[in-house]
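Hi,

Here is the structure I promised to pass on. Have a look at it first, and my notes on what turned up follow below.

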Amino acid sequence: MPRIAVINRDSCHPKRCSFECYRYCPRVRTGDETVVMEERTNRPIISEDLCTGCGICSHKCPFHAISIINLPRELDGRCVHRFGPNGFALYELPIPRTGRVIGLVGQNGVGKTTALEILAGRLKPNLGLATVATSKQLNEFFKGSELQAHFKEVERVKMVYKPQAVDALSKVVKGKVYNLLSEADERGVVRELIPALELGDILNRDVRLLSGGELQRLVIAAASVREADIYYFDEPSSHLDVYQRLNAARTIRDLAGDGKAVIVVEHDLAMLDYMCDYVHVIYGQPRAYGVVSSPRGVRVGINVYLDGYLKEENVRFRREPIKFEVRPPKSRVSGREFFSYPKLKKSFKDFQLEVSPGGFYTGDVVGVVGPNAIGKTTFVRMLAGEIKPTAGKLESKLTVSHKPQYLKSEFDGTVEAWLHSVIGEFDPAFEPEILQPLEVTPLFERNLGELSGGELQRVAIATCLGYPADLYLLDEPSAYLDVEQRLQMARVIRRVIEKREAAALVVDHDVLSIDFVSDRLLVFTGEPSRKGKTHGPHEMRDGMNLFLRDVGVTFRRDPQTGRPRANKLGSAVDREQRGRGEFFYL
Ligand code: SF4
Ligand code: SF4
């Protein structure tokens, strides 16, 4: 059985430990060199040839930096890339197919982006060896697979890559939206894409002034107007509302319709389902290793991922399957109403918001749905007393803790220092109830500035919940989180709100996350950037129907897992559900 020893370099702190990995290794004690300390860095290197896999070092390391992993025999010799000795290892690769959209689904940190970068020629694979693999080695490694031809042609094949983090692009790309798109328009499709991705209103805007959602749509359009054989999209849904996600999914699908090969990494399962033909499940242990499974049809592939068991490979990669309820949750609101607000209005020069009367109960988690730029943040700022309504009066103001949609990491210091700087001394329950389930504790020693999008998101949620408040506003907490982390995030929010007898408003565009976390729904409708109106908070069924009728999409349920699947507009199921007025729950 192949075995790998992986040392997470971010968690290994040789200055703060007693070299337990070296001192307790039974092989070292008998005098061999299973663990040696590298002279330059004073960090350990574990010899995978000598290691017996006893796991003592992994248990003894005070920072849990070591993983000793026994892999299935079939993976022997199938490592496509390794980030140095004892580094992250990726096994196998997804296969691009002409005229098809291929999806990659899996936890964060198991190598989805690495797989894309290797296929796109941005990262040269080393096949687990010390040097970059030669063409001959790659040819031999992928012999008999479609990837053999891919790597033969990799220098000649034209590829376009949409990166995961679009927020940073506004700092490096300059110019007006229309100029950028028309200059990149090699396929002559810019006129079709402008309405399809709702870019009409921002064509004359400078890229530096765009919001995250606008940037995301611009970058998807900029990738799609280019002429290429293979298109890669890394998380195209982030910062987009439900309507925009479906439009982006259609744009990506159309590329395959034009005979292009497309590969997409995406955590929004409804969107993945809507646009892909096949799915590769990537499983493994985050930051240690990842294995790309063989492709499956999109429905089966997503179900296998939720089930946590790959039958053909005989691999169980999660103990429990993820299941969905097809009926709305029974009202979990049982607390007292602790805050109510009357009819309110807020007018700005170009934007009007109308708020219908409502209130919050203790332990109430209210999902907030609606398009971007429709007044959600304005509403919360009024509740917090930061801005005054133009009409209507709020009798009291709430203490609000706010996690913004866009995350900044300008703080110069560690995650632990950041948390203390905002929250002060930690409450005894903070660590077991918030930090541990959100997996923030292992990030304590890392600098805030070097965290990935998903890590920064978890820290931001913990920061928001760690602060004592009456009302918690979490704006798009699911962005950059994988499906399991979204479930965990929903559990943590619910537990904290119930225990503190507070209330939470959770703004999200992922219908699965909204379904997991909410007791009730506050629906915003209107015209983005012009006028907005609130409806509710409503019971989940009424809220979802109101919201999805406005978006114009119905969801059926997968019979095996209960997960929501977006119906094709005008299909028999879509028409039947519209007729019954049931857009989401059955
Ligand atoms: Fe210390 Fe753990 Fe690093 Fe070994 S792996 S040097 S025990 S922190
Ligand atoms: Fe030594 Fe056991 Fe760790 Fe291998 S797993 S390095 S043999 S302590």
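Asn314 sits in the loop that runs between strand 14 (309-310) and strand 15 (315-316); helices (H or I, at least four residues) and strands (E, at least two) are DSSP runs, numbered from the N terminus. Although Asn314 is not a glycine, its phi is positive, about 55°. As a reminder, most residues other than glycine have a negative phi, and most peptide bonds are trans. Asn314 is exposed, with a relative accessible area of 57%. Here buried means under 20% relative accessible area, exposed over 50%, and partly exposed in between (1.4 Å probe, protein chains only).

Before going on, please keep in mind that this is a predicted model, in which local features need pLDDT of at least 70 and side-chain atom pairs count only at pLDDT 80 or more, while totals for chains, interfaces and linings use all residues. Residues are numbered from 1 along each chain as its sequence is written, chains are lettered from A and ligands numbered from 1 in the order in which they are written, and side-chain values use heavy atoms, with hydrogens and water left out.

Ser529 is another residue other than glycine with a positive phi, near 70°. Its loop lies between strand 24 (520-527) and strand 25, and at 48% relative accessibility Ser529 counts as partly exposed. Strand 25 (residues 531-539) holds Pro537, and the peptide bond that joins Gly536 and Pro537 is cis, with omega about 10°.

Lys323 is in the loop between strand 15 and strand 16 and is exposed, at 60% relative accessibility. Lys323 and Gly562 are 239 residues apart along the chain, yet their C-alpha atoms are separated by 6.7 Å. Gln560 belongs to the loop between strand 26 (555-557) and strand 27 (564-566), and with a relative accessible area of 54% Gln560 is exposed. Which residues is Gln560 in contact with, leaving aside its neighbours within four places in sequence? They are Arg299 and Asn303, where contact means heavy atoms within 4.5 Å. The C-alpha atoms of Gln560 and Lys346, 214 residues apart along the chain, are separated by 46 Å.

Next, the aromatic rings. Searching the whole structure gives 13 aromatic pairs. Rings of Phe, Tyr and Trp (its six-membered ring) pair if their centres lie within 6.5 Å; planes under 30 degrees apart count as stacked, over 60 as edge-to-face and the rest as tilted. Phe142 and Phe151 make a stacked pair, 4.9 Å centre to centre with 10° between the planes. Phe142 is buried at a relative accessible area of 2%, and Phe151 is buried as well, at 11%.

Tyr341 and Phe379 form an edge-to-face pair, 5.4 Å centre to centre with 70° between the planes. Tyr341 lies in strand 16 (residues 337-341) and Phe379 in helix 14 (residues 376-383), so this pair ties together parts that are 38 residues apart in sequence. Tyr341 is buried, with a relative accessible area of 3%, and Phe379 is buried too, at 1%. Ring pairs also join Phe339, Tyr341, Phe360, Phe379 and Phe524 into a cluster.

How many of the eight residues of helix 14 are buried? Six are, which leaves the helix mostly covered; among them are Thr378, Val380 and Leu383. Just after helix 14, Gly385 takes a positive phi of about 80°.

Finally, the chain as a whole. It has 21 helices and 27 strands. Its radius of gyration is 25 Å, close to the 25 Å that the globule rule gives for 586 residues, so the chain is as compact as a globular protein of that length. That radius is taken over C-alpha atoms, and the globule rule is 2.2 Å times the number of residues to the power 0.38. Along its principal axes the C-alpha trace spans about 80 × 60 × 50 Å. Of the 586 residues, 55% count as buried. Residues 24 or more positions apart make up 70% of the contacts in the chain with a separation of 6 or more.

Enjoy exploring, and write back with any questions.

Best wishes
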